[in-house]
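User: Hi! I'd like to learn how to read a few features of a protein model. Could we go through them one by one?

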Amino acid sequence: MLVLFETPGGYAIFKLLDEKKLSKTDDLYKDFETPEGANQILKLKHFEKFFDTTEALASTTAAIEGKIGKTLKKALKKVFKEAQEQILIADAKLGNAVKDKFDVPVVSSSPVQELMRCIRSQTESLLSGLPKKEFTAMALGLAHSLSRYKLKFSPDKVDVMIVQAIGLLDDLDKELNNYIMRCREWYGWHFPELGKIITDNLAFVKIVKLVGTRENVISTDLSDILTEEIEQQVKEAAEISMGTEISEDDIMNIQALCEQVIEMTQYRTQLAEYLKSRMFAVAPNLSVLLGEVIGARLIAHSGSLVNLAKQPASTLQIAGAEKALFRALKTQKNTPKYGLIYTSNIVAGASIKNRGKISRTLAAKASLASRVDALGDDVSGNTDLGLEIRAKIERHLKSLEEGNLRRLSGTAKTKAKFEKYHGKSEIMEYSAHSDSTLGKRKKESKPLIEDITPVEIKAESEESPPKKKRKVKEEPMEESEVTQQVDDTPSSSSKKKKKKIKEELVAETEEVEMAEDVEVSSSKKKKKKKVKEEPVEDEA
């Protein structure tokens with residue numbers, strides 16, 4: 001049985017003399033306490049030495065990734081030429097690769113790990129042919145090289161390029177604004193109407209470069225740059241322009257400036273694409289959440305992506321508004337709610353009253369995304385976290401805009417709050433029955449049986465006879481009035497009119513009686529007092 005052991009100086013292949021020792025791993029360290037005991041268990045069969053540190057690093061990195069390096073492949077070929085024996089390998093991935101390559105039985109288990117620890121304790125005695133100084137130098141060089149490799153330094157992860165690119169992009173924007181303003185003012189002396197008709201800066205510059213003087217506008221085809229309507233307006237304005245005449249040298253210098261503006265615009269577009277690709281390689285989640293330009297500005301403001309990840313969310317929220325913050329603290333006024341993140345789509349799309357809440361939420365999630373991008377493993381191009389966070393923030397903003405409160409827990413208190421402030425979306429319909437102009441009868445308010453007492457019943461029975469007498473007395477009086485009114489009418493009126501008048505008067509009297517009945521039933525207490533006062537007056 002063979003044993004593969006990796007050292008900083010090369011690969012050592014030992015012959016296991018006593019295979020029974022693997023079954024007794026608890027006491028195996030006792031056999032390796034002395035060099036003599038270790039030599040009784042293991043015997044060096046082959047040692048493949050590394051040529052230099054570069055070869056050692058290449059072999060070690062290949063072994064870490066579970067691959068067979070050139071040096072190891074060479075050593076195993078020499079050993080397996082003699083006899084294909086079972087081999088013990090500590091790394092399971094490397095063991096599977098050796099098994100597939102050479103078709104030999106490989107063992108990778110916990111007893112093998114214990115054996116490797118024992119061999120490591122007696123490496124100098126088992127590898128007697130290797131000088132100690134050389135072995136130490138190889139170990140130190142390999143340790144440094146392997147540390148650099150484990151850092152996984154990649155040029156794609158350099159955020160310094162992002163800082164430089166966003167700085168250059170801002171400088172280009174300033175220079176382009178100055179150049180275009182100068183070009184518009186310069187050419188405006190010759191053709192002032194063109195600047196009012198065309199508001200797009202790039203289209204204005206292209207037309208000036210293509211046309212030259214305004215006399216050439218009529219004979220020039222501008223359909224590639226402008227629409228038909230705007231092209232017609234430009235040609236009409238060129239015929240009646242109030243601008244001054246300029247020389248050929250002047251127009252040549254103006255066209256040279258326009259050419260510079262076009263080249264700078266094209267380079268700015270190229271630089272923006274470069275910045276976008278670099279941001280998605282370095283900070284994909286931050287780019288998805290805030291956008292490439294805002295994410296790059298935050299990285300440039302902090303100095304690096306790692307520095308941005310170290311900052312708390314409150315600092316990230318007002319990054320870029322430090323002057324306003326200190327001015328507010330000095331004057332004891334309200335501090336700013338947002339800085340560079342104000343220009344993001346999420347904050348800009350929110351209403352004024354909700355921008356503070358959304359900026360605070362967005363800053364917290366952006367801080368989390370920057371930490372994942374800076375400190376996470378293999379996050380290049382992975383935007384799952386950023387997309388998930390952005391969707392949550394958009395849902396939160398939608399709920400705030402609609403005026404609904406988000407229920408955080410299932411308690412009765414929060415449930416009551418949720419139902420209380422829940423926005424109502426019911427549609428009120430107009431009822432056509434309200435258009436009716438017919439009068440509604442007043443419902444008689446009858447007292448409840450529980451409210452009526454025996455005393456009140458007696459009082460009502462005493463009061464009822466005089467009521468009838470009064471009605472009987474009043475009715476003939478009303479009939480007499482009717483006869484008087486009928487008599488007053490001229491003799492020329494017919495009998496039918498008299499009957500109608502009588503019927504109307506009778507109906508009015510009936511309505512008056514009904515109204516009196518309602519008043520009597522609603523004021524029972526007053527009637528009681530009257531009933532009590534009447535016998536006193538009789539006695540008097």
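Predicted model: local features only at pLDDT ≥ 70, side-chain atom pairs only at ≥ 80, totals over all residues.

User: Which residue's side chain meets that of glutamate 185 in a salt bridge?

Analyst: As a general idea, side chains of opposite charge can pair when their charged atoms come close. Here the partner of glutamate 185 is arginine 182, with 3.8 Å from N to O. Both residues sit in helix 9 (residues 160-188), 3 residues apart, about one turn of the helix. Glutamate 185 is partly exposed, with a relative accessible area of 46%, and arginine 182 is partly exposed, also at 46%.

User: How many salt bridges does the structure hold?

Analyst: There are 10. One of them joins the side chains of glutamate 48 and lysine 78, at 3.7 Å from N to O. This pair links distant parts of the chain, with glutamate 48 in strand 3 and lysine 78 in helix 4 (residues 70-82), 30 residues apart.

User: Is glutamate 48 buried or exposed?

Analyst: Glutamate 48 counts as buried because its relative accessible area is 9%, below the 20% cut-off. For another case, look at lysine 235 and glutamate 231, whose side chains meet at 3.3 Å, N to O. These two lie in helix 12 (residues 228-239), 4 residues apart, about one turn of the helix. Glutamate 231 is buried, at 10% relative accessibility.

User: Now the sheet. In what order do the strands come?

Analyst: In general, strands of a sheet pair through backbone hydrogen bonds, either parallel or antiparallel. In this model, 5 strands form an open sheet in the order 3-2-1-4-5, with mixed pairing. At the edges are strand 3 (42-49) and strand 5 (106-107), each pairing on one side only. Strand 4 (residues 87-88) runs parallel to strand 5, and the two pair over 2 bridges. There, leucine 88 has valine 107 of strand 5 as its bridge partner.

User: Which helix lies across these strands?

Analyst: That is helix 6 (residues 110-121), which lies across strands 1, 2, 3, 4 and 5 and runs at about 55° to strand 1 (2-7).

User: What about the nonpolar core: which of its residues touch the most other members?

Analyst: The largest nonpolar core has 60 residues, and the ones touching the most other members are Tyr187, Phe191, Leu194, Ile198, Val234, Leu275 and Leu290. Helix 13 (residues 248-282) gives the most to this core, with 11 residues. Take isoleucine 198 as an example: leaving aside neighbours within four places in sequence, its contacts include Arg184, Phe204, Leu226 and Val234.

User: And threonine 265, where is its place?

Analyst: Threonine 265 is in helix 13. Not counting residues up to four places away in sequence, threonine 265 touches Leu176 and Leu202. The C-alpha atoms of threonine 265 and leucine 202 are 8.0 Å apart, although 63 residues separate the two in sequence.

Key: Residues numbered from 1 in each chain as written. Heavy atoms only, no water. Core = buried A, V, L, I, M, F, W, Y, C linked by side-chain atoms within 4.5 Å. Buried < 20%, exposed > 50% of the residue type's maximum accessible area, 1.4 Å probe, protein only. Contact = heavy atoms within 4.5 Å. Pairing = 2+ DSSP bridges. Axes fitted to C-alpha atoms, helices over the stretch in contact; angles between N-to-C directions. Salt bridge = Lys/Arg side-chain N within 4 Å of Asp/Glu carboxyl O.
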